[in-house]
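Biologist: I would like to learn how to read this model, one feature at a time. Please give me the general idea, then the case at hand.

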Amino acid sequence: MELRPIGVVRSVRGDVSEIEIRPELAEGLFRLEENEKVLILFIFDRSEGYDLKVHPKGDPRNPLAGVFATRSPRRPNPIGATVVRLLQLEGNVLTVEGLDAWEGTPVVDIKPDHRRDILHTAGKF
Ligand SMILES: C[S@@+](CC[C@H](N)C(=O)[O-])C[C@H]1O[C@@H](n2cnc3c(N)ncnc32)[C@H](O)[C@@H]1O
């Protein structure tokens with residue numbers, strides 16, 4: 001299976017990033033602004049290889065842990081997942097706070113923060 005990015009992190013200024021979504025997919029953003037927090041899934045496109053056990057945060061003082069027990073960018077499938085605050089949605093551009101992805105990072109999906117899903121399941125929305 002091949003993943004095709006839906007957009008890209010086009011700028012990073014401190015803690016605020018802009019994500020540009022492919023124009024032909026912009027309709028899929030309809031009502032996203034109703035969510036204060038959204039989950040951004042992206043690809044660590046500048047990460048190479050992986051180790052199955054790592055020192056978290058690359059700090060040898062942190063005891064070894066399995067890669068799946070960490071948030072290391074070096075992993076078998078280099079997928080990043082970060083919950084961010086949605087500051088603005090204008091056309092096909094999202095402005096978000098708290099995204100720890102570099103400029104140029106491919107974005108592969110966006111979803112409302114899962115906590116809202118839990119409330120959905122409980123019939124609260
Ligand atoms: C520790 S990872 C955690 C990412 C996300 N919060 C997660 O849990 O999946 C975040 C770090 O990955 C690195 N990074 C960000 N964008 C990257 C990219 N496009 N390719 C490779 N490494 C990247 C940066 O060092 C950044 O601080």
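Modeller: Start with contacts: two residues are in contact if their C-beta atoms, placed from the backbone, lie within 7 Å. This is a predicted model, in which local features need pLDDT of at least 70 and side-chain atom pairs count only at pLDDT 80 or more, while totals for chains, interfaces and linings use all residues. Residues are numbered from 1 along each chain as its sequence is written.

Biologist: Which residues is leucine 86 in contact with, leaving aside neighbours within four places in sequence?

Modeller: Leucine 86 meets Glu33, Asn35, Glu36, Lys37, Val38, Leu94 and Val96. Across the protein chain, take contacts with a separation of 6 or more: 65% of them join residues 24 or more positions apart.

Biologist: How many helices and strands does the protein chain have?

Modeller: Both are DSSP runs, numbered from the N terminus: helices are H or I with at least four residues, strands are E with at least two. The protein chain has 1 helix and 8 strands. Read from the N terminus, the order is β-β-β-β-β-β-β-β-α. The C-alpha trace spans about 45 × 35 × 35 Å along its principal axes.

Biologist: In which order do the strands of the closed barrel run?

Modeller: Strands of a sheet pair through backbone hydrogen bonds, either parallel or antiparallel. Here, two strands pair if DSSP finds at least two bridges between them. The barrel has 6 strands in the order β1-β2-β7-β6-β3-β8, with antiparallel pairing. From one strand to the next, the twist averages 45°. That angle is taken between N-to-C directions, from 0 to 180 degrees, with axes fitted to C-alpha atoms.

Biologist: How many bridges pair strand β2 with strand β7?

Modeller: Strand β2 (residues 16–21) pairs with strand β7 (residues 93–97) over 5 bridges, in the antiparallel sense. Find glutamate 20: its bridge partner in β7 is valine 93. Strand β6 (residues 79–90) also runs antiparallel to β7, joined by 5 bridges. There, glutamine 88 has threonine 95 of β7 as its bridge partner. The hairpin of β6 and β7 has 2 residues between the strands, and glycine 91 takes a positive phi near 60° in this hairpin.

Biologist: Which residues of β7 are on the covered face, and which on the uncovered one?

Modeller: In a regular strand the side chains alternate between the two faces of the sheet. On β7, Leu94 and Val96 make up the covered face. Val93, Thr95 and Glu97 make up the uncovered one.

Biologist: What share of the residues is buried?

Modeller: Count other C-beta atoms, placed from the backbone, within 10 Å of a residue's own: 20 or more is buried, 12 or fewer is exposed, and in between is partly exposed. Of the 125 residues in the protein chain, 18% are buried. A nonpolar core is a set of buried Ala, Val, Leu, Ile, Met, Phe, Trp, Tyr and Cys residues joined through C-beta atoms within 7 Å. The largest core has 16 residues; Ile19, Ile40, Val84, Leu86, Val96, Leu99 and Val107 touch the most other members. Strands β2, β3, β6, β7 and β8 (106–112) each give two or more residues to this core.

Biologist: Where is leucine 32, and what does it touch beyond four places in sequence?

Modeller: Leucine 32 sits in the loop between β2 and β3. It touches Val38 and Leu89, leaving out residues up to four places away.

Biologist: Which residue other than glycine has a positive phi of about 75°?

Modeller: Most residues other than glycine have a negative phi. Arginine 31 has the positive value of about 75°. It lies in the loop between β2 and β3 (37–43). Arginine 31 has 8 C-beta neighbours inside 10 Å, so it counts as exposed. Lysine 57 also has a positive phi, near 60°. Its place is the loop between β4 (53–54) and β5 (65–66). Lysine 57 is exposed because 10 other C-beta atoms lie within 10 Å.

Biologist: Which residues are closest to the ligand?

Modeller: A residue is near a molecule if its C-beta atom, placed from the backbone, lies within 6 Å of it. The ligand has 13 residues around it, the closest being Phe44, Arg46, Arg71, Pro73 and Gly80. The shell divides into 5 nonpolar, 4 polar and 4 charged residues. Here Ala, Val, Leu, Ile, Met, Phe, Trp, Tyr, Cys and Pro count as nonpolar, Asp, Glu, Lys and Arg as charged, and the others, Gly among them, as polar.
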